[in-house]
Amino acid sequence: MDMSKYAPKGSILDDFLNGITKGLFFVLISLIPAMIMSFSLILILNLTGLMPIISKIFNPIMGLFGLPGETGIALVTGWLSTPSGLIMCVDFFNKGIINGPQLAIMIPIMWACGSCLQMTGRVLAVCKLDKKYYFPVYIISWISAFAIGIIGRICNAIFF
Amino acid sequence: MSEQQINEEKKAFIEEQSHIKVKWKGYVYLLFAIIFFGGFFAGAHSWLKIFDFTTILGKFGVELRGTTGAGARDGFMFGFTVFPSVALCLGIINVVEGQQGLLAAQKLLNPIFKPLCGFPGWCGLAAVTGLLTSTDGGAALTRDIVDKGFISKKEQTIFTCFQYTASCGIGAPLSLGALWYPLLLSSSVIIIYPFLLVIVVKIIGANLMRLYCKYISKEFKEVNA
């Protein structure tokens with residue numbers, strides 16, 4: 001969808017209204033589908049009893065960042081679609097699985113490596129990156145996510 | 001296009017990008033955006049409250065989404081409740097962008113890109129757009145620089161990696177802010193904390209690509225030698 005006609009032009013009132021229109025379209029086209037997907041996924045995982053198993057698998061990895069295993073599911077979901085991953089984390093917070101500082105560090109972790117397939121088309125292909133560098137970029141994004149997880153854990157321990 | 005022509009165009013472009021003129025109101029709007037979305041006045045009791053995003057967002061007054069929901073229906077209702085917050089957020093960002101707030105951010109950040117991330121400062125517009133407003137906007141501006149032949153292949157690789165890592169890492173979580181702002185505030189975590197970490201992630205990503213180009217990539221190793 002072409003959003004360029006809603007781009008800011010310098011008139012405060014027009015820009016404000018255009019931005020609002022952009023936001024409404026964004027929710028309808030991107031967010032609601034992502035939310036329906038992630039909430040259905042959570043329900044499926046809960047009903048099949050897979051949730052506890054997956055969180056057990058992720059426990060050692062997420063434990064490095066001071067996070068419970070359940071957040072691993074949010075990370076995987078975030079890898080497909082970052083907003084869905086964030087929504088899952090909010091859900092986990094409401095259920096008391098994670099606390100505020102943990103939610104705060106999940107945001108950079110998920111965004112570092114998130115929406116991988118989408119971003120390949122929207123960033124790497126558009127920027128005309130040589131295809132042989134795609135894989136290094138993925139690896140680097142995962143290493144960055146890992147690094148920020150550790151940094152976030154240290155920051156959480158110091159500040160909160 | 002001849003090499004000389006490209007060089008001349010590049011020179012003009014760099015000149016233009018390194019000496020961008022920002023009116024004072026650009027800085028005012030940038031400061032306003034940081035205060036408004038940063039939640040600095042969330043706890044204020046006076047009229048200063050109007051400078052806080054969650055305050056202006058207000059309340060529904062009725063419970064739109066219950067607590068016992070699950071599955072696709074619950075997901076839809078959750079999505080429905082974020083309509084006003086995303087709309088308000090993008091509305092304000094659009095105003096700030098239109099009043100040169102983004103340009104001011106670019107001007108302030110330009111000098112630090114080269115030493116900190118390894119790509120030239122005049123890529124700042126693409127970098128700031130990709131970080132603050134939209135992934136696609138940032139990518140399109142990068143494409144423009146690449147197509148015109150202004151950037152070397154090594155710089156392009158580093159810059160693309162910077163764009164990819166935590167893409168739209170401030171703009172996207174910000175537009176979903178209504179979901180998680182109140183949760184962080186209730187656990188007394190400052191709102192800008194995750195955003196600072198996002199910036200750190202971006203710098204780590206760009207620098208890892210720098211190291212990769214320097215020590216691992218055969219193509220660029222030869223260039224270095």
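**Salt bridges, interface and burial**

Tutor: In this predicted model, a salt bridge joins the side chains of D144(B) and K148(B), with N to O at 3.3 Å.

Student: Why is the pair D144(B) and K148(B) called a salt bridge?

Tutor: The limit is 4 Å between a side-chain nitrogen of Lys or Arg and a carboxyl oxygen of Asp or Glu. The N to O value for D144(B) and K148(B) is 3.3 Å, so the pair meets the rule. In general, side chains of opposite charge can pair when their charged atoms come close.

Student: Which residues are joined into one network by salt bridges that share partners?

Tutor: The network consists of D130(A), K132(A), K153(B) and E219(B). Over all chains the rule gives 9 salt bridges.

Student: How do you know that R122(A) and D136(B) meet in a salt bridge?

Tutor: Their N to O value is 2.9 Å, and the cut-off is 4 Å, so the pair qualifies. This pair crosses between chains: R122(A) sits in helix α6 of chain A, and D136(B) in helix α8 (residues 135-147) of chain B. R122(A) is partly exposed at 29% relative accessibility, and D136(B) is partly exposed at 39%.

Student: Where do D130(A) and K153(B) lie?

Tutor: D130(A) is in the loop between α6 and α7 of chain A, while K153(B) is in helix α9 (residues 153-164) of chain B, and the pair crosses between chains. Their salt bridge has N to O at 2.6 Å. With 28% for D130(A) and 34% for K153(B), both residues fall in the partly exposed range.

Student: How many salt bridges and polar contacts are found between chain A and chain B?

Tutor: The interface holds 4 salt bridges. Polar contact, with both residues at pLDDT 80 or more, is counted for 15 residue pairs. Among the elements of chain A, α1 (12-48) gives the most to the side touching chain B, with 19 residues. The residues of that side comprise 48 nonpolar, 13 polar and 7 charged.

Student: What area do chain A and chain B bury between them?

Tutor: About 5700 Å², with 77% of this area on carbon and sulfur atoms. W111(A), C127(A) and Y133(A) provide 11% of the area chain A buries against chain B, more than any other three residues. In contact terms, 68 residues of chain A touch 70 residues of chain B.

Student: Why is I109(A) called buried?

Tutor: Buried means under 20%, and I109(A) has a relative accessible area of 1%, so the label applies. The residue belongs to helix α5 of chain A. Beyond neighbours within four places in sequence, I109(A) has contacts with F65(A), L67(A), L75(A), A145(A), I148(A) and G149(A).

Student: What makes T120(A) buried or exposed?

Tutor: T120(A), in helix α6 of chain A, has 14% relative accessibility and therefore counts as buried, the limit being under 20%.

Student: How do you know that T120(A) makes a polar contact with Y138(A)?

Tutor: The two side chains are at 2.7 Å, against a cut-off of 3.5 Å.

Technical notes
Residues are numbered from 1 along each chain as its sequence is written. Chains are lettered from A and ligands numbered from 1 in the order in which they are written. Side-chain values use heavy atoms; hydrogens and water are left out. Contact means heavy atoms within 4.5 Å. Buried area is the accessible area (1.4 Å probe) that two parts lose on being put together, summed over both. A polar contact is a pair of N or O atoms within 3.5 Å; within protein, one must be able to donate a hydrogen and the other to accept it, and residues adjacent in sequence count only if both atoms are side-chain atoms. Helices (H or I, at least four residues) and strands (E, at least two) are DSSP runs, numbered from the N terminus. Ala, Val, Leu, Ile, Met, Phe, Trp, Tyr, Cys and Pro count as nonpolar, Asp, Glu, Lys and Arg as charged, and the others, Gly among them, as polar. Buried means under 20% relative accessible area, exposed over 50%, partly exposed in between (1.4 Å probe, protein chains only).
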